[in-house]
Amino acid sequence: MAGAHEAFAGIGRIKYEGPAAKSMLAFRHYDADAVVEGKPMKDHLRFAVSYWHAFRGTGADPFGPGTMLRPWENEADPLKMAVKRVDVAFEFLEKLGVGFYCFHDRDVAPEGATLAESNKNLDVVVDALEKHQQRTGIKLLWGTANLFSSPRYVHGAATSPNVESFAYAAAQVKKAIEVTQRLGGAGYTFWGGREGYQCLWNTDMKRETDHLAKFMHMAVDYAKEIGFKGQFYFEPKPREPMKHQYDFDAATCINFLRTYGLEKHVKMNLETNHATLAGHEIQHELEYAGMQGFLGSVDANTGDTLVGWDTDQFPTNVYMTTQMMYSILKYGGLAPGGINFDAKVRRESFEPVDLFHAHIGGMDTFARGLKIAAAMRADGAIQKLVEERYASWSGPLGKRIEAGTESFKSLEAEMLKKGDSAACTSGRQELFENVINTYL
Ligand code: XUL
Ligand code: CO
């Protein structure tokens, strides 16, 4: 641990103390080594902390500046501060007991006056990250590049009408993949950033999407060239910052990947609040990606039912994490992906200890979801009810259709003979919902 210079003095390693724990700085449900469906919880959940929210979030919003009290942010030189911040970050990760973190290049190291200077800054910070990874065993779940903050990306990066924005972004992603590889990162994420449009009158959508595909192919080719074996992810989001983002939802992203021949190289990184902005529940996104073979990783957070933007709150709803873990277990788990808390403490929660409360709550909420989903799968009641709903498909006619031996003509003959189809059975939604509640 960080010893005399602790940033989170007075807070020790967060331990599992069970549901009756007295302290709020303890896990009630997340017991890292407890075995669920034959695997320790930590290997099911593969929790990661987002560097950008946890260590760069200031609490600024459109109505006012930052509010966060971060006493360690006291170094005038941005590069020195970036290196010092790595000590703080790893103290936090270690005390929290997570196995992973995620970052954008510009979260960890300051941008320099030139590309070469930015790369040099990044190398200095990556040295520090590497040392702490070796010391603690904490790993990088995925790396990414910030292709949306700089004014050079005002119209997007890979989809910019300005070709040199594309070229600069390519250089930035090349470097970000290199440092991700150097840090043994298990993946690399593409989130759209400003890849989308505000107005269709001034936009050549076909050309922009072609460019985005070219960009991703270059990334895949470069990864192959340097032997980077991490999983690539595409993270859907329908809007914000642009009115329309090209990575709208899982179905749109998967269609894009297949259209441009990227489907073997890229899976989905699904974020809860992005799903709701797209008009889906996260369960829908997980099921859709899972059934198509594109389930990769999860950015865990939640929105607010009364607020229509990406509020990135910490997940506290056990019903939702149960839905998520049920789908995740069904499709064989997330590894090499994981559950990254792409979530920020509220502007009003400005003390360092709030970072602990937030992540402990999120981890416990997922641990409960995991335990409940596993219990549901163990007794199979829901699965049995679903199978009963489709029972007619297990009869001779259903079997023949599924096997592909029937046609419109043969089915017409069958129905002409019968005169009418058999009566439908009840959907029993309320029964399903009541059964789910017996586990909660
Ligand atoms: C933005 C978002 C990003 C990505 C990584 O809404 O989710 O932080 O996860 O670029
Ligand atoms: Co995200």
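Helices (H or I, at least four residues) and strands (E, at least two) are DSSP runs, numbered from the N terminus. The model described here is predicted: local features need pLDDT of at least 70, side-chain atom pairs count only at pLDDT 80 or more, and totals for chains, interfaces and linings use all residues. Residues are numbered from 1 along each chain as its sequence is written, chains are lettered from A and ligands numbered from 1 in the order in which they are written, and side-chain values use heavy atoms, with hydrogens and water left out.

We begin with the metal. The cobalt ion (ligand 2) is coordinated at 1.9 to 2.1 Å by Glu-235 (OE), Glu-271 (OE), Asp-299 (OD) and Asp-342 (OD). Donors are N, O and S atoms within 2.8 Å of the metal (3.2 Å for Na, K and Ca); water is not among the atoms, so sites may look incomplete. The site of the cobalt ion (ligand 2) has 6 donor atoms with angles of 80 to 172° among them, and is octahedral. Six donors count as octahedral if opposite donors are over 155 degrees apart and all others between 65 and 115. Ideal angles for six octahedral donors are 90 or 180 degrees. In sequence, the donor residues follow the spacing E-x35-E-x27-D-x42-D. Glu-235 lies in strand β8 (residues 231-235) and Asp-299 in strand β11 (residues 295-300), so this pair ties together parts that are 64 residues apart in sequence. Both Glu-235 and Asp-299 are buried, where buried means under 20% relative accessible area, exposed over 50%, and partly exposed in between (1.4 Å probe, protein chains only).

Three of these names return at ligand 1. The residues around ligand 1 are Trp-52, His-104, Trp-191, Glu-235, Lys-237, Glu-271, His-274, Asp-299, Asp-310 and Asp-342, each with a heavy atom within 4 Å of the ligand. This shell divides into 2 nonpolar, 2 polar and 6 charged residues; Ala, Val, Leu, Ile, Met, Phe, Trp, Tyr, Cys and Pro count as nonpolar, Asp, Glu, Lys and Arg as charged, and the others, Gly among them, as polar. A polar side-chain atom of Glu-235 is 2.7 Å from an oxygen atom of ligand 1, and one of Asp-299 is 2.9 Å from an oxygen atom of the ligand. For Asp-342, an N or O atom in the side chain lies 2.7 Å from a ligand oxygen. Of the 290 Å² of accessible area that ligand 1 has on its own, the protein covers 93%, by the Shrake-Rupley method with a 1.4 Å probe.

Most residues other than glycine have a negative phi, and most peptide bonds are trans. Arg-46, although not a glycine, has a positive phi of about 40°. Arg-46 sits in the loop between α1 (41-45) and β3 (47-50) and counts as buried at 15% relative accessibility. Arg-428 also has a positive phi, of about 55°, in the loop between α15 and α16 (429-439); Arg-428 is partly exposed, with a relative accessible area of 48%. The peptide bond from Glu-240 to Pro-241 is cis, with omega near 10°, and Pro-241 belongs to the loop between β8 and β9 (244-245).

How values were computed. A polar contact is a pair of N or O atoms within 3.5 Å; within protein, one must be able to donate a hydrogen and the other to accept it, and residues adjacent in sequence count only if both atoms are side-chain atoms. Four donors count as tetrahedral if all angles lie between 85 and 135 degrees; four count as square planar and six as octahedral if opposite donors are over 155 degrees apart and all others between 65 and 115; anything else is irregular.
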